[in-house]
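User: I'm new to reading structure models and would like a walk through this one. Could you take me through the features step by step?

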Amino acid sequence: MTSRRPWWNTLLGVVLTAIMLFPVYWMVNVSLTKSTDMRRNPPFLFPVDPTFEGYTKVLTQQLPYLGTSLIIGLGTVVLTVALAAPAAFALAKLRPIGGGALSFVLLIAQMIPGIIMAMGFYAIYLNLGILDTIPGLIVADSTLAVPFAVLIFTAFMSGIPNELISAAKIDGAGAWRTFRSVVMPISRNSVVTVSLFTFLWAWSDFIFASTLDSGGDLQPITMGIYRYIGNNNQEWNAIMATAVVASIPAAVLLVVAQRYVAAGVTAGAVKD
Amino acid sequence: MTVTQVRTEPTSRGEQVGAAQSAAPTPRRRPSHRARSALVAWAFVAPVVVYLALFYAFPLIRNIELSVRDYTVRSFIDGTAPFVGIDNYLAVFRDATFGPALLNTAAFTVLSIVFQFAIGLALAVFFFRRFPLSATLRALFLVPWLLPLLVSASTWSWMLNSESGVVNAFLEAVGAGQINWLTSPQFSLISVLIANIWIGVPFNLVILYSGLQSIPEEVYEAASLDGANGWQKFWRITFPLLRPVAAITLLLGLVYTLKVFDIIWIMTRGGPAESSTTFAIWSYRLGFGSTLPDFSPAAAVGNLLIVLAFVFGLLYIRMQRRLDPS
């Protein structure tokens, strides 16, 4: 469909995008607003007299939370890729007995509401004594990503030509060697997609953090924001500054890997 | 699944080939070879299977166990939790919160999906005109979906704040009165709906856009030759051809929306009173919302939610298979 007036469309597109992104702008604006101007009516629409007091508070109070989230995010990515990639290779190329049933279970697993998983994990972790630990939270967070990861990897690896696998076999490579030296290097794009989404989900997780890691010394950034909201209701510039900082991974992801993002969204939903 | 159907074919063909080539070097070694490769295939899959059993099946079973016993904090320590059968479920059904929670869950889910879908579709059709900058703007539309839910929820909380929120400032500027978005029972559900629709639009936009891309250009060209206008093209071509993708988008939206917890909990905690309490919120509040947790009813509410999610989940899988009939 070509339009007669592309110029108009662009203008309308910019306006719509501006409306859509207004809350994001507002978050940044509030993060730069002085505490004394916070209750001003009407509020300043632009950061006329910007202050960095909110960001100073982030640096002094939230760094441990950010570090914890980083570790948890990276740990979840490693665990998820390590579990999902071999399984996907088998599902795509080795055709194990019961592979179809496994794919079905993975689809279903994605639909379990987080609160239910959280409750089950809580009961188990309490017995094991691993509440409020980083490994515990990494395992819980990985459940957000593993089924998605297997399905994405399988979709991608199905596209690898069988001749390539056979050639490796003829050269004497075993299944593991083929997987490591042939399949994984080709699958780099899908590894990037899966890693990005996994990191983002682990980074954004709140329900597991608030149920399984609400009392420990090392808590993720979502708990940092949550505590801010609970404790000092007045300092919204600090809350919003933390929110801005917590949004950085999402922004990086969008800038660095835009095409992977759209691919991930559609692949997860439409294909299997 | 497709995998199983594809698998049977080469196997039977392989057997025929094996039977035909009776003079082939070592036909007897075949079964053991195949058994070996099946073992290798399973070695690759085994970690995920163990993982699913430990970290999906076990928590789910634990959850069912919680719901048919009377668990308290003490139970976890001394291991005593009397079996009570379906009492927890009966108590949940009789609870005064059940009616409002059911209504709120239904309203929240249906309205979220209807608006997310309608706005997402309109935007997808709009961006499909491929004007200058359209790809960049479309990418920017993804931002709300990528932000941590907690970030979006707290931003909306402050925007909808009664005294200092920018939304009320805008309403006052145009002459409308103030609205107590988060603190009045009439508006709390609407407030969380607005935030949730905002978060869900990008997802709908991206999927529906990819659906539009899969409609062949020639169909539109043929319609143009027949003199169809833009409106007719949309209703006679785009809409019917988009139906399978649309159905999947809606069902996925349903499954996701039933799960929504973060946004409501941060913005209203399900209140005031029960005015924005959904099943997910109710379950969390029973289990973790107070210093005296009620794990067993919480698990019962959670299990009701999972039944709902599964019904729609199975529908989704059926739809998806019909879409991809290989």
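Analyst: Happy to. Going along the sequence, chain A reads α-α-α-α-α-α-α-α-α-α-α-α-α-α. That is 14 helices and zero strands, where helices (H or I, at least four residues) and strands (E, at least two) are DSSP runs numbered from the N terminus. Before going on, note that this is a predicted model: local features need pLDDT of at least 70, side-chain atom pairs count only at pLDDT 80 or more, and totals for chains, interfaces and linings use all residues. Residues are numbered from 1 along each chain as its sequence is written, chains are lettered from A and ligands numbered from 1 in the order in which they are written, and side-chain values use heavy atoms, leaving out hydrogens and water.

User: How do I read confidence, and which helix of chain B has the lowest mean pLDDT?

Analyst: pLDDT is the predictor's confidence in each residue, from 0 to 100. Chain B averages 81, and 88% of its residues score at least 70. Among its elements, helix α1 (residues 2–20) of chain B has the lowest mean, 36, while helix α5 (residues 98–127) of chain B has the highest, 92. Over residues 1–29 of chain B, pLDDT stays under 50, and the model gives that stretch 16 contacts beyond four places in sequence. Contact means heavy atoms within 4.5 Å.

User: What about burial in chain A?

Analyst: Buried means under 20% relative accessible area, exposed means over 50%, and partly exposed is in between (1.4 Å probe, protein chains only). In chain A, 56% of the 272 residues are buried. Take helix α12 (residues 236–246) of chain A: eleven of its eleven residues are buried, including Trp236(A), Met240(A) and Val245(A). The buried residues of α12(A) pack against α1 (6–31), α2, α9, α11 and α13 (248–256) of chain A, and also against α8 (149–159) of chain B.

User: How are aromatic pairs judged, and how many are there over all chains?

Analyst: Rings of Phe, Tyr and Trp (its six-membered ring) pair if their centres lie within 6.5 Å; planes under 30 degrees apart are stacked, over 60 edge-to-face, and the rest tilted. By this rule there are 44 aromatic pairs over all chains. One of them joins Phe89(A) and Phe179(A), a tilted pair with 5.4 Å centre to centre and 35 degrees between the planes. The pair links distant parts of the chain, with Phe89(A) in helix α2 (residues 53–94) of chain A and Phe179(A) in helix α8 (residues 175–186) of chain A, 90 residues apart. Phe89(A) is buried at 1% relative accessible area, and Phe179(A) is buried too, at 4%.

Then there is Phe206(A) with Tyr226(A), an edge-to-face pair at 4.9 Å and 65 degrees. Phe206(A) is buried at 1%, and Tyr226(A) counts as buried at 16%. Ring pairs also link Phe206(A) and Tyr226(A) into a cluster with Tyr122(A), Phe261(B), Trp265(B), Tyr284(B), Phe288(B) and Phe295(B).

User: How do I size up the interface between the chains?

Analyst: The size of an interface is often given as the accessible area lost when the parts come together. Buried area is that loss (1.4 Å probe), summed over both parts. Chain B and chain A bury about 9,000 Å² between them, 78% of it on carbon and sulfur atoms. The contact takes 93 residues from chain B and 101 residues from chain A.

How values were computed. Buried area = accessible area lost by both parts, 1.4 Å probe.
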